[in-house]
Amino acid sequence: MTNPPPPGNWTDPTWSAQPSSPAPDPTLVAGQPVPPQPGPVDSYAPDPYAPADPYAGAQPPATQAMPGYATPGYAPTGYPPQYPGYGYPQPPKTNGLAIAAFVLALIGFTSCITAPIGAILGHVAQKQIRLSGEGGAGMAKAAIIVGWILTGFLVLVILFYAAAIIYAITTSDNTSSY
C-alpha cells in the first residue's frame, strides 16, 4: 500500500512512496498477543477476562483509632448512611390552620356554631397552602365542605324555628278574658 503524492506541484520532503512503518500484525493488540477465544466453561478455572482487583493485597493504613470511633479512611461501623433519594420522600409539613379549621368544622356537628368558623379558616388555610407549598390541602377542603354544609343546616334550623314561632303566634287564640 502506498500513499498518494501531494496535490499540485508542491513537494513534501517527508513524503515517500513507501509507508513509514510496517503494517501492524493482526495477532498483536497493543504489543500483546491476542488471547484465544474461550472454549467450554470450566467452573473451577478462573475467568481470564475478569477485571483484576486493583486493591488485592493492599495493606490498610497504619493508623490507630480510638475505641468507639471509626478508623480514618474507613466507613463507620453500623448501617451505611442513607443516600439522597433513597426510600420514600418526606411528606411536606401540614398547615396548622388547616388542622384547626378541620377540627372546628367537625365540632360543628355538635354545636353548629363552630362550623362557619371552620369553613372560613379552611379558605384562609387553602390560600396559605397555595403560597407556601405546605401539606394539608385535603384537610382544608374538607373543613370548607363540612363547615358550609353544617352552616347551611344551621340556617335551615333557624328558619324552621322562626317559621314555627311565627305560625304559633298567628294561629294562637288570644280571646281569653281577664
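Reader: In which sense, left-handed or right-handed, does H1 pass H2 in their crossing?

Author: Happy to take you through that part. H1 passes H2 in a left-handed crossing; a crossing is left-handed if the near helix is turned anticlockwise from the far one by less than a right angle, and right-handed if clockwise. A word on the basis: this is a predicted model, in which local features need pLDDT of at least 70 and side-chain atom pairs count only at pLDDT 80 or more, while totals for chains, interfaces and linings use all residues. Residues are numbered from 1 along each chain as its sequence is written, and side-chain values use heavy atoms, with hydrogens and water left out.

First, the setting. The protein chain has 3 helices and 2 strands, in the order β-β-α-α-α from the N terminus. Helices (H or I, at least four residues) and strands (E, at least two) are DSSP runs, numbered from the N terminus. Of the 178 residues, 12% count as buried, where buried means under 20% relative accessible area, exposed over 50%, and partly exposed in between (1.4 Å probe, protein chains only).

Now the helix pair you asked about. Helix H1 covers residues 96–111 and helix H2 residues 114–132; their axes come within 7 Å and cross at roughly 160 degrees. That angle makes H1 roughly antiparallel to H2. Axes here are lines fitted to C-alpha atoms, for helices over the stretch in contact, and angles run from 0 to 180 degrees between N-to-C directions. Angles under 35 degrees count as roughly parallel, over 145 as roughly antiparallel, 65 to 115 as roughly perpendicular and the rest as oblique.

Between H1 and H2 there is a loop that holds cysteine 112. This cysteine 112 has a positive phi of about 60 degrees, although it is not a glycine. Across the pair, the C-alpha atoms of leucine 121 and alanine 101 are separated by 5.1 Å, while the two residues are 20 apart along the chain. Leucine 121 sits in helix H2 and is partly exposed, with a relative accessible area of 23%.

Proline 116, which lies in helix H2, is 38 residues from leucine 154 in sequence, yet their C-alpha atoms are 9.6 Å apart in space. Proline 116 is partly exposed, at 21% relative accessible area.

Next, a charged contact. Side chains of opposite charge can pair when their charged atoms come close. The structure holds 1 salt bridge, meaning a side-chain nitrogen of Lys or Arg within 4 Å of a carboxyl oxygen of Asp or Glu. Lysine 93 forms it with glutamate 134, the closest N and O atoms being 3.2 Å apart. The pair links distant parts of the chain, 41 residues apart: lysine 93 is in the loop between strand S2 (32–33) and H1, and glutamate 134 in the loop between H2 and H3. Lysine 93 counts as exposed at 59% relative accessibility, whereas glutamate 134 is partly exposed at 23%.

Finally, leucine 159 belongs to helix H3, residues 137–170, and counts as exposed because its relative accessibility is 53%.
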